[in-house]
Amino acid sequence: MSEGLYDKGISRYDQLHNDLIDTAARRGLVGLVSLLLLYGVPLVLFATHLRRRSDVQGQALALSGVIVVVAFIGFGLTQSLLRDVRGLSGFLGMLTACWCLLKATPEGGRETAQS
């Protein structure tokens, strides 16, 4: 901008509106890998429980965790949610709630309708 190649008005825009691109641009490869782990680890853990659990309650809670992660990945395509403390705390809060409820639910409680 100092060389006059760009309009001064673009300096007002400090967000790239995509979690992956924004993180890669600001934090490099380490930040991008960290973001992918932040999405990937809970997704794998909840998906594992979803496949393993036979009780309806456990499956519903595991699916809820998967949906939270997938939803935030989708939201992150058009908005940098995890860059803001409110978005990050919402993501972590919902994941923690789903995980704690899932782990507090005994396995093999109410069986599925197929059993």
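**Reading the helix packing**

Mentor: Let us begin with a crossing: helix 1 passes helix 3 in a left-handed manner. Please keep in mind throughout that the model is predicted.

Trainee: How is such a pair of helices described in general?

Mentor: Two packed helices are described by the angle between their axes and by the distance between those axes. Here, the axes of helix 1 and helix 3 come within 12 Å and cross at roughly 25 degrees. Helix 1 is therefore roughly parallel to helix 3, since an angle under 35 degrees counts as roughly parallel.

Trainee: Which residues of helix 1 and helix 3 make the contact?

Mentor: Helix 1 contributes Leu38, Tyr39, Pro42, Leu45, Phe46 and His49. Helix 3 contributes Leu88, Phe91, Leu92, Leu95, Cys98, Trp99, Leu102 and Lys103. By class, the contact of helix 1 with helix 3 has twelve nonpolar residues, one polar and one charged.

Trainee: How many helices and strands does the protein chain have?

Mentor: The protein chain has three helices and zero strands. Read from the N terminus on, its elements run α-α-α.

Trainee: At what angle do the axes of helix 1 and helix 2 cross?

Mentor: They cross at roughly 155 degrees, and the axes come within 8 Å. That makes helix 1 roughly antiparallel to helix 2, because angles over 145 degrees are placed in that class. The crossing of helix 1 past helix 2 is left-handed.

Trainee: Which residues meet where helix 1 packs on helix 2?

Mentor: On helix 1 they are Tyr39, Pro42, Leu43, Phe46, Ala47, His49 and Leu50. Their partners in helix 2 are Gln59, Leu61, Ala62, Leu63, Gly65, Val66, Val69, Val70, Phe72 and Ile73. The contact of helix 1 with helix 2 has 14 nonpolar, three polar and no charged residues.

Trainee: That leaves helix 2 and helix 3. At what angle do their axes cross?

Mentor: Helix 2 (residues 56-75) and helix 3 (residues 85-104) have axes that come within 8 Å and cross at roughly 165 degrees. These two helices are therefore roughly antiparallel to each other. Helix 2 also passes helix 3 in a left-handed crossing.

Trainee: Which residues of helix 2 and helix 3 meet?

Mentor: From helix 2, the residues are Gly58, Leu61, Ala62, Ser64, Gly65, Val68, Val69 and Phe72. They meet Gly87, Gly90, Phe91, Met94, Leu95, Cys98, Leu101 and Leu102 in helix 3. The residues of this contact divide into eleven nonpolar, five polar and no charged.

**Reading the aromatic pairs**

Trainee: Are Tyr39 and Phe91 buried or exposed?

Mentor: Tyr39 counts as buried at 7% relative accessibility. Phe91 is buried as well, with a relative accessible area of 0%.

Trainee: What geometry do Phe46 and Trp99 have?

Mentor: Phe46 and Trp99 form an edge-to-face pair, 5.4 Å centre to centre with 85 degrees between the planes. This pair also links distant parts of the chain: Phe46 is in helix 1 and Trp99 in helix 3, 53 residues apart. Phe46 counts as buried at 2% relative accessibility, whereas Trp99 is partly exposed at 27%.

Trainee: Which residues form an aromatic cluster?

Mentor: Tyr39, Phe72, Phe75 and Phe91 form one aromatic cluster.

**Reading burial and contacts**

Trainee: What share of the protein chain is buried?

Mentor: Buried residues make up 26% of the 115 residues. Thr105 is buried, with a relative accessible area of 10%. Leaving aside residues up to four places away in sequence, Thr105 touches Arg53, Asp55, Gln57, Gly58 and Leu61.

Conventions:
Residues are numbered from 1 along each chain as its sequence is written. This is a predicted model: local features need pLDDT of at least 70, side-chain atom pairs count only at pLDDT 80 or more; totals for chains, interfaces and linings use all residues. Side-chain values use heavy atoms; hydrogens and water are left out. Axes are lines fitted to C-alpha atoms, for helices over the stretch in contact, and angles run from 0 to 180 degrees between N-to-C directions. Helices (H or I, at least four residues) and strands (E, at least two) are DSSP runs, numbered from the N terminus. Angles under 35 degrees count as roughly parallel, over 145 as roughly antiparallel, 65 to 115 as roughly perpendicular and the rest as oblique. A crossing is left-handed if the near helix is turned anticlockwise from the far one by less than a right angle, and right-handed if clockwise. Contact means heavy atoms within 4.5 Å. Ala, Val, Leu, Ile, Met, Phe, Trp, Tyr, Cys and Pro count as nonpolar, Asp, Glu, Lys and Arg as charged, and the others, Gly among them, as polar. Buried means under 20% relative accessible area, exposed over 50%, partly exposed in between (1.4 Å probe, protein chains only). Rings of Phe, Tyr and Trp (its six-membered ring) pair if their centres lie within 6.5 Å; planes under 30 degrees apart count as stacked, over 60 as edge-to-face and the rest as tilted.
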